[in-house]
Amino acid sequence: CERNISGLIGMDREYYKDYATLERTHWWFLVRRDIILNQLRSLTQGQRKLRILNVGAATGYSSEFLQEFGEVISVEYDKECCEFVKNKDGKEFINASITELPFSNDAFDLVCAFDVVEHIEDDHLAVKELKRVTSPGGKICVTVPAFNFLWSQHDDINHHFRRYTRSNFKGLFASNGRIVKATYFNTFLFFPIAL
């Protein structure tokens, strides 16, 4: 159920419509949203009116809930998905890659990439770009799938390059900044999924 941006590439408009509904109604996405929002509320300590970049916005649900914290600029790699969102909601998403973000240095207070980095072959370059566009004192919030031993057909279908452990993921962020929190979530379902 954790479909994401690369899984959308090459899909037809009916798929985008279904995905847009799933993103807003399926328990997996709703629980994930609540976990992310709770973490961001703690991280931002009540700050609002932040300049926010949401990379890998898919059909826009994460951009919607990020508006709680300020103005959101949405980036999506799949051009057809950007067109779908524009036709559906009239929202303008920027069609760009996480490895070449079309923004100046230090442009955003909060940069988010939810289930995106695992799709990028050069994940170090992706993280370098996220850091580049984050202002001094700004925050980056990223989610990725965990543990290679959980690799499944889902990862193949979604064109993942890897899954992560907390230590190798933290290694991506080790230079030029301070890691505030790195944790696993969805631990409640870990054992049933592993079995």
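How many of the seven residues of strand β4 (residues 108-114) are buried? Seven of its seven residues are buried, where buried means under 20% relative accessible area with a 1.4 Å probe, counting protein chains only. This is a predicted model, in which local features need pLDDT of at least 70 and side-chain atom pairs count only at pLDDT 80 or more, while totals for chains, interfaces and linings use all residues. Residues are numbered from 1 along each chain as its sequence is written, and side-chain values use heavy atoms, leaving out hydrogens and water.

**Whole chain**
- The chain has nine helices and five strands, taken as DSSP runs (helices H or I, at least four residues; strands E, at least two) numbered from the N terminus.
- Of its 195 residues, 47% count as buried.

**Strands around β4**
- Strand β1 (residues 50-55) pairs with β4 in the parallel sense over four bridges; strands pair if DSSP finds at least two bridges between them.
- Asn54 stands opposite Cys112 in β4.
- β4 also runs parallel to strand β5 (residues 134-143), joined by six bridges, and Phe108 stands opposite Thr134 in β5.

**Helix α3**
- Helix α3 (residues 27-44) has 18 residues and should span 26 Å at 1.5 Å a residue, which agrees with the 25 Å between its end C-alpha atoms; the expected span is 1.5 Å times one less than the number of residues.
- The buried residues of α3 are Trp28, Phe29, Arg32, Ile36, Leu37, Leu40 and Thr44.
- Seen down the axis of α3, these buried residues fall within an arc of 155°, so they line one face of the helix; the arc is that of the directions from the helix axis to the C-beta atoms.
- Just after α3, Gln45 takes a positive phi of about 50°.

Note on methods
Buried means under 20% relative accessible area, exposed over 50%, partly exposed in between (1.4 Å probe, protein chains only).
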